[in-house]
Amino acid sequence: MAAVCLLVSRSGRHLQRYNNTGGRQVVGCIPYRYKEEDMGNELEVLLVSSQKGEALMFPKGGWEIDETLEEAASRESIEEAGVIGTVGNQLGQWNFISKRHGIYYEGHMFPLFVNQQLDIWPEQNLRKRIWVCIYTYIMHCF
């Protein structure tokens, strides 16, 4: 008999971390893989739609007090994109203004090498996901 695991997105702000100016601390990841047909140079990244529209973005969300930055990046990739993988070294940190609250939030971004894509994930009814070939995207932009 196969094991079944119920995945549910965390919700609420009771475990949320905030910076010294009161802005949320968020963590995201750039899920990537090599194109399935060609394990060569064809690098793909995974984008997910926003909950409130069709904008595409990388998975990200609040960093909570009971997890490391890497654990938060991994959790967000499962919740929003339905992928599991290996979290790499932090790519960087950035500050951005919250559209809703008008204060600076603090963001942390990690690469995530995807080794499993789930058929069922917590936010599958809220988001679409799309794999984009980096080379094709860059060539389309220029």
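In the predicted model, cysteine 29 is buried, with a relative accessible area of 0%. Cysteine 133 likewise counts as buried, at 11% relative accessibility, a value that falls under the 20% limit applied to buried residues. A disulfide is a covalent bond between the sulfur atoms of two cysteines; the structure holds zero disulfides.

The protein chain comprises two helices and eight strands, and from the N terminus on these elements follow the order β-β-β-β-α-β-β-β-β-α. Of the 142 residues in the chain, 37% are buried, while the chain as a whole exposes about 9100 Å², of which 55% is supplied by carbon and sulfur atoms. Among contacts in the protein chain with a separation of 6 or more, 65% are accounted for by residues 24 or more positions apart.

Strand E2 (43-49) takes part in several of the strand pairings. With E1, E2 pairs in the antiparallel sense over three bridges, and within this pairing tyrosine 32 has valine 45 of E2 as its bridge partner. An antiparallel pairing also links E2 to strand E8 (residues 129-133), here over five bridges, and valine 45 stands opposite valine 132 of E8. Because six of its seven residues are buried, E2 is largely enclosed by the rest of the structure.

The largest nonpolar core contains 14 residues, among which Val27 and Val83 touch the most other members. Two or more residues are given to this core by each of strand E1 (25-34), strand E2 (43-49), helix H1 (69-81) and strand E7 (104-117), and the largest share, four residues, comes from H1. When neighbours within four places in sequence are left aside, valine 27 is in contact with Pro59, Lys60, Gly61, Trp63, Leu69, Ala72, Ala73, Glu76, His108 and Phe110.

Terms used. Residues are numbered from 1 along each chain as its sequence is written. This is a predicted model: local features need pLDDT of at least 70, side-chain atom pairs count only at pLDDT 80 or more; totals for chains, interfaces and linings use all residues. Side-chain values use heavy atoms; hydrogens and water are left out. A nonpolar core is a set of buried Ala, Val, Leu, Ile, Met, Phe, Trp, Tyr and Cys residues joined through side-chain atoms within 4.5 Å. Buried means under 20% relative accessible area, exposed over 50%, partly exposed in between (1.4 Å probe, protein chains only). Contact means heavy atoms within 4.5 Å. A disulfide is a pair of cysteine sulfur atoms within 2.5 Å. Two strands pair if DSSP finds at least two bridges between them. Accessible areas come from the Shrake-Rupley method with a 1.4 Å probe; for residues, only the protein chains shown count as cover.
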